[in-house]
Amino acid sequence: MKVLLQLYMAWFKMGLFTFGGGYAMLPMIQREVIEKYHWATEDEIMDYYAIGQCTPGIIAVNTATFVGYYQKGILGGIMATLGVVSPSIIIIGLIASLISNFAELEVVRHALMGINVAVCMLMIQAIANLWKKSIKNIAAFCVFAAALLLSLFTGISTVWLVILAGVLGVLLSKAGWMKHE
Amino acid sequence: MSKLWLLIPEFMKTGLFAVGGGLATIPFLNEMGVKYGWFTTDTLSTMIAVSESTPGPIGINMATYVGYTVAGPAGAVLATLSIVAPSIVVICIIANYFQKFKNARIVQMIFAGLKPAVVAFIGAACLNLFISTLLYTKKGISGGIAEFFNWKCIILLVVLLALKQKFPKVHPIAFIVAAAAAGVVFSF
């Protein structure tokens, strides 16, 4: 019961302070899920992201379900998911009923610009962390570079890029160029 | 069928077939507006703008907003629950199998390839955020190089990075709140 409540509260907090898509949640996940509650390791979060990318649904929700499921089964998955969506329901409900011109308000635009800068800073930190842990050899770097260039400069769906990366992982591991644990 | 109950199959469909995150739901939402006349494309753009500027995953914010527009608070709750229901089922099934097979050699090899790719996806999303936050891309460089950069944001970024180095234990939330305040005070 205690863990279920913790799952709900922790994901509520993460939902409340995430601006942008699922990836922007990473600094918050590193702090809460990995460091504070030890519900998953950095490596596992990467796995969940990869799976969440090519399964239906919103990535943040998929990650929450994964973490919750491994703690407390299906109920854990449901509680974590309800936690991450609750702030949205409350905030959007208030805005939709009270301030329909929310996105055009001066003060909101200024605050959001500031928040975006903070998210940039947090993401630089988060990526630096991931880089140290995930890009350990030339082969991994090549997969990274190929995925980065393809996702920046082509319209190829991330789903296909995930599949391609998985195939490369198998081929490069078999060739002995990439270490799998 | 009333609008409220129609939200359930429509959002379950969106949750089940929109692969790749929040923005992948936009075409489905657009189709809902066209099909039922619940909202116009203009209203949808407003909803997307609000969803991007409020806390929470964009995909969830949009579902909540559309649900609210169509059928009030009950619609907001119902649309949100319906969009997450399919992924809860799918992820619980996958999580169960993943636990069993994650130590298999082939699975380890696949994920050895996926990890660097995920770092790249996060990097790409981040780069887009950098460009839209730190540069004025709309004007182009016609106004001179100095005007191409959003100096206020760049200075704040440097300050925040320095603070983070000095106080690594401070919670990310504190930085977000401080940066929002700085944005308002210095009219970013």
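The model is predicted: local features need pLDDT of at least 70, side-chain atom pairs count only at pLDDT 80 or more, and totals for chains, interfaces and linings use all residues. Residues are numbered from 1 along each chain as its sequence is written, while chains are lettered from A and ligands numbered from 1 in the order in which they are written. The model scores ipTM 0.87 and pTM 0.87. Chain A has seven helices and one strand. Its contact with chain B takes 93 residues from chain A and 79 residues from chain B.

**Confidence**

- Chain A averages a pLDDT of 91, and 98% of the residues score at least 70; pLDDT is the predictor's confidence in each residue, from 0 to 100.
- Within chain A, β1(A) has the lowest confidence, with a mean of 84. The highest is in α1(A), at 96.
- Chain B has a mean pLDDT of 89, with 96% of its residues at 70 or more.
- Among the elements of chain B, helix α6 (residues 145-148) has the lowest mean pLDDT, 75. Helix α4 (residues 58-101) of chain B has the highest, 94.
- Where pLDDT is low, the predicted coordinates should not be read in detail.

**Chain A fold**

- From the N terminus, the elements of chain A run α-β-α-α-α-α-α-α. Helices (H or I, at least four residues) and strands (E, at least two) are DSSP runs, numbered from the N terminus.
- Along the principal axes, the C-alpha atoms of chain A fill a box of roughly 60 × 40 × 25 Å.
- Buried residues make up 54% of the 181 residues in chain A. A residue is buried if 20 or more other C-beta atoms lie within 10 Å of its own, exposed if 12 or fewer, and partly exposed in between, with C-beta atoms placed from the backbone.
- Of the contacts in chain A with a separation of 6 or more, 56% join residues 24 or more positions apart. Two residues are in contact if their C-beta atoms, placed from the backbone, lie within 7 Å.

**Interface**

- Elements of chain A that each supply at least two residues to the side touching chain B include α1 (2-16), β1 (19-20), α4 (59-98) and α7 (158-174).
- By class, that side of chain A has 64 nonpolar, 26 polar and three charged residues. Ala, Val, Leu, Ile, Met, Phe, Trp, Tyr, Cys and Pro count as nonpolar, Asp, Glu, Lys and Arg as charged, and the others, Gly among them, as polar.
- β1(A) runs parallel to strand β1 (residues 56-57) of chain B, joined by two bridges. Strands pair if DSSP finds at least two bridges between them.
- Phe19(A) has Gly56(B) as its bridge partner in β1(B).
- Ile92(A) lies in helix α4 of chain A. With 29 other C-beta atoms within 10 Å, Ile92(A) is buried.
- Beyond four places in sequence, Ile92(A) is in contact with Thr54(B), Asn61(B), Thr64(B), Tyr65(B), Tyr68(B) and Ala76(B).

- The largest nonpolar core has 120 residues; Val117(A), Ala118(A), Ala117(B) and Ala179(B) touch the most other members. α4(B) gives the most to this core, with 18 residues.
- A nonpolar core is a set of buried Ala, Val, Leu, Ile, Met, Phe, Trp, Tyr and Cys residues joined through C-beta atoms within 7 Å.
- Not counting residues up to four places away in sequence, Ala117(B) touches Val143(A), Ala147(A), Leu161(A), Val162(A) and Ala165(A).
- Buried residues of α6(A) include Val143(A), Phe144(A), Ala147(A) and Leu148(A). Their cover includes α5 and α7 of chain A together with α5 (105-134) of chain B.

**Single residues**

- Val159(A) is in helix α7 of chain A. It counts as partly exposed because it has 14 C-beta neighbours inside 10 Å.
- Neighbours within four places aside, Val159(A) is in contact with Cys54(A), Val19(B) and Gly20(B).
- His38(A) lies in the loop between α2 and α3 of chain A. Its phi is near 55°, a positive value in a residue other than glycine.
- With 8 C-beta neighbours inside 10 Å, His38(A) counts as exposed.
- Ser187(B) is in the segment after α8 (172-185) of chain B. Ser187(B) is not a glycine, yet has a positive phi of about 35°.
- Most residues other than glycine have a negative phi.
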